[in-house]
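Please examine the sequence and the three-dimensional model together. The paragraphs below then lead through some of the features.

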Amino acid sequence: MNEIILRGIIRNIRPSHIVNDVEYYQADVITQRKDKKEDSVVIKFKKHINKYKELDKVELVGNIRSYTEQLSNGKNKVYIYVFTYQDYPAVSNDEDDILNNIFIVDGRICKINELRTTSNGKKNIHFILANNIFTSNGQKINNYLPVTCWGNLAKQISNMNVNDRVTIKGELHSRTYHKLNDDNEKEYNVTYELLATLIDKMEE
């Protein structure tokens with residue numbers, strides 16, 4: 001299982017890649033959390049099917065995918081995006097509507113970091129979830145998704161083991177950070193994580 005619903009505003013539509021003469025495009029969907037903070041989620045889609053326009057208000061369904069790229073310094077970077085296979089106009093034009101995102105994904109835990117406590121006493125933990133999906137033509141896609149959880153959920157994960165099967169629900173969040181490059185200039189990057197709000201351990 002791997003499904004996400006995004007409700008937000010389309011921005012920065014641009015070409016992505018071509019496979020078997022089919023053009024794929026990508027764009028950013030700007031979603032809003034309940035606390036009014038915004039997330040910028042990268043989506044990819046078939047150009048001839050999804051006729052998005054800049055600043056369209058959309059509601060779309062897709063799945064969360066990952067791929068790894070080896071950087072010039074020898075390190076690997078994991079990229080997260082949403083491939084959308086169904087979309088339709090947003091169901092409400094109410095300006096007070098909260099534009100949001102919600103996902104449900106299952107898989108096996110393949111890495112668990114140590115349980116941490118912040119300076120204000122909050123517990124959190126990071127883990128990697130291995131999720132497999134199959135495309136319409138039968139291609140298997142292996143996804144490795146970074147997940148974060150807090151409080152009692154963090155404690156719950158800390159008592160689990162690698163290879164345990166779980167189903168998680170939550171929101172896909174983005175975070176912008178910067179670092180200094182070789183020219184001592186700020187270089188801005190975006191990182192993504194699945195924030196879990198519900199976790200169920202699955203029976204084998």
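This is a predicted model: local features need pLDDT of at least 70, side-chain atom pairs count only at pLDDT 80 or more; totals for chains, interfaces and linings use all residues.

Residues are numbered from 1 along each chain as its sequence is written, and side-chain values use heavy atoms, with hydrogens and water left out.

Strands are DSSP runs of E with at least two residues, numbered from the N terminus, and two of them pair if DSSP finds at least two bridges between them. Strand 8 (residues 123-134) and strand 9 (residues 140-150) run antiparallel and are joined by 11 bridges. Within this pairing, Ile133 stands opposite Ile141. The two strands form a hairpin with 5 residues between them, and Gly138 in the turn has a positive phi of about 90 degrees. Strand 9 also runs parallel to strand 11 (residues 186-201), joined by 2 bridges; here Thr148 faces Leu195.

Side chains of opposite charge can pair when their charged atoms come close. A salt bridge is a side-chain nitrogen of Lys or Arg within 4 Å of a carboxyl oxygen of Asp or Glu, and the whole structure holds 5 of them. One joins Arg14 and Asp28 (3.3 Å, N to O); Arg14 belongs to strand 1 and Asp28 to strand 2, 14 residues apart. Another links Arg33 to Asp39, with the closest N and O atoms 2.7 Å apart. Both Arg33 and Asp39 are buried, a term for under 20% relative accessible area (1.4 Å probe, protein chains only).

Technical notes:
Helices (H or I, at least four residues) and strands (E, at least two) are DSSP runs, numbered from the N terminus. Buried means under 20% relative accessible area, exposed over 50%, partly exposed in between (1.4 Å probe, protein chains only).
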